[in-house]
Amino acid sequence: MMAGTGEDGSTNPNGSFIYDTAVYYEELDPKKADILKCIYKLEHNTWGFSVCDPIRNSGKPMRSFKQSFDDSRHAIVFLTPSVLEYMSNNEENVLEFKMCTFLSGILESHDVKTRRKVIPVMFGAQENFRKPFLLSDFSILRPEETGFNRKLYRALSKLSGPETISQRQIRQKVDRMGRDRYTEGVVTQVATGLDIPKEVLEDIKQEYGGHKAMLIEVLECWSLHRGP
């Protein structure tokens with residue numbers, strides 16, 4: 001997709017997607033409770049993303065997987081030990097592992113736009129985990145790791161456009177605030193005013209060592225979420 005041009009030919013670089021993200025997981029996965037908790041967070045509170053769940057929205061998910069993928073800006077794929085095992089062993093069972101079959105088709109695609117939409121989230125990986133070959137080019141997000149919420153929030157960003165605030169403009173804005181405003185209270189106030197989710201703010205405070213750096217990251221998260 002060219003900068004400044006949407007998939008529908010408009011000047012909106014984000015096209016005309018119905019949903020912010022689709023979500024994919026195995027219906028009978030042992031980690032389903034954790035997955036649904038993450039999906040609930042995405043849809044509620046200050047996260048406020050529109051989510052398409054083909055399993056929840058349709059009695060025949062395999063038929064609706066492709067449509068949900070086309071209708072969504074992003075595609076979160078929940079990887080659990082059972083899913084990864086079948087991917088690593090290259091096993092196929094279209095009756096029981098619909099999501100694996102669909103995911104493999106996406107990952108084998110050479111279409112950059114298609115692959116760019118995919119956000120892998122992995123639950124319960126073991127220490128000797130070996131990334132399946134199909135996922136070798138992807139960064140996998142892990143809920144148990146520091147910064148997971150911040151990284152997920154950023155990954156669900158909109159594409160930038162001509163009116164998007166640049167990183168340079170953000171840094172200049174923070175510089176103009178002055179050192180006396182580089183405090184935790186101001187960081188919290190700014191994040192709250194910009195509707196940054198509390199989980200994302202907590203990650204920022206944990207990951208960044210200075211209040212100035214925290215402010216810059218808060219504004220960058222807001223800019224990515226806001227889009228052009």
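# Close-up views of a predicted model

Buried residues account for 44% of the 228 residues in the protein chain. The model is predicted. Its secondary structure comes to 11 helices and four strands. Of the contacts in the protein chain between residues at least 6 apart in sequence, 71% join residues at least 24 apart.

**View 1. Four strands form an open sheet in the order 2-1-3-4.** The pairing is parallel. Strand 2 (51-52) and strand 4 (118-122) stand at the edges. Each has a single partner strand, so one side of each is left without a neighbour in the sheet. Strands of a sheet pair through backbone hydrogen bonds, either parallel or antiparallel. Two bridges join strand 1 to strand 2. Five bridges join strand 1 to strand 3. Five bridges also join strand 3 to strand 4.

**View 2. Strand 1 and strand 2 run parallel.** The link between them consists of two bridges. A22 stands opposite C52 in strand 2. Helix 1 (residues 32-43) packs on the sheet. Helix 1 touches strand 1, strand 2 and strand 3 (72-79). The direction of helix 1 makes about 155° with that of strand 3.

**View 3. Strand 3 is mostly covered.** Eight of its eight residues are buried. Strand 3 is joined to strand 1 by five bridges, and the two run parallel. I76 in strand 3 is the bridge partner of V23. Strand 3 and strand 4 also run parallel, joined by five bridges. There, L79 has M122 in strand 4 as its bridge partner.

**View 4. T21 lies in strand 1 (residues 19-24).** Is T21 buried or exposed? Its relative accessible area is 0%, so T21 counts as buried. A polar atom of the T21 side chain lies 3.3 Å from the backbone oxygen of H74. Which residues does T21 contact, leaving aside its neighbours within four places in sequence? They are S50, V51, C52, S72, H74, A75, I76 and L156.

**View 5. Helix 7 lies across strand 3 and strand 4.** Helix 7 runs at about 165° to strand 4. In helix 7 (148-155), the residues F148, N149, R150, L152 and Y153 are buried. The buried residues of helix 7 pack against helix 1, strand 3 and strand 4. They also pack against helix 10 and helix 11.

**View 6. K151 is found in helix 7.** The relative accessibility of K151 is 32%, so K151 counts as partly exposed. Not counting residues up to four places away in sequence, K151 touches L141, T146 and E207. How far apart are K151 and V200 in sequence and in space? The two are 49 residues apart in sequence and 8.4 Å apart in space, C-alpha to C-alpha.

**View 7. In helix 8, I170, V174 and M177 are buried.** They cover an arc of only 45° around the axis, which puts them on the same side of helix 8. On the other side of helix 8, R168 and R176 are exposed. What do the buried residues of helix 8 pack against? Their partners are helix 9 and helix 11. G178 follows helix 8. The phi of G178 is positive, near 90°.

**View 8. Helix 11 (residues 211-226) has 16 residues.** At 1.5 Å a residue, helix 11 should span 22 Å. The end C-alpha atoms of helix 11 are 22 Å apart, which agrees. Which residues of helix 11 are buried? They are M214, L215, I216, E217, V218, L219, E220, C221 and S223. The buried residues of helix 11 pack against helix 7 (148-155) and helix 8 (167-177). They also pack against helix 9 (184-193) and helix 10 (198-207).

Key:
Residues numbered from 1 in each chain as written. Predicted model: local features only at pLDDT ≥ 70, side-chain atom pairs only at ≥ 80, totals over all residues. Heavy atoms only, no water. Expected span 1.5 Å × (residues − 1). Buried < 20%, exposed > 50% of the residue type's maximum accessible area, 1.4 Å probe, protein only. Contact = heavy atoms within 4.5 Å. Polar contact = N/O pair within 3.5 Å; in protein donor to acceptor, adjacent residues only side chain to side chain. Pairing = 2+ DSSP bridges. Axes fitted to C-alpha atoms, helices over the stretch in contact; angles between N-to-C directions. Arc of directions from axis to C-beta.
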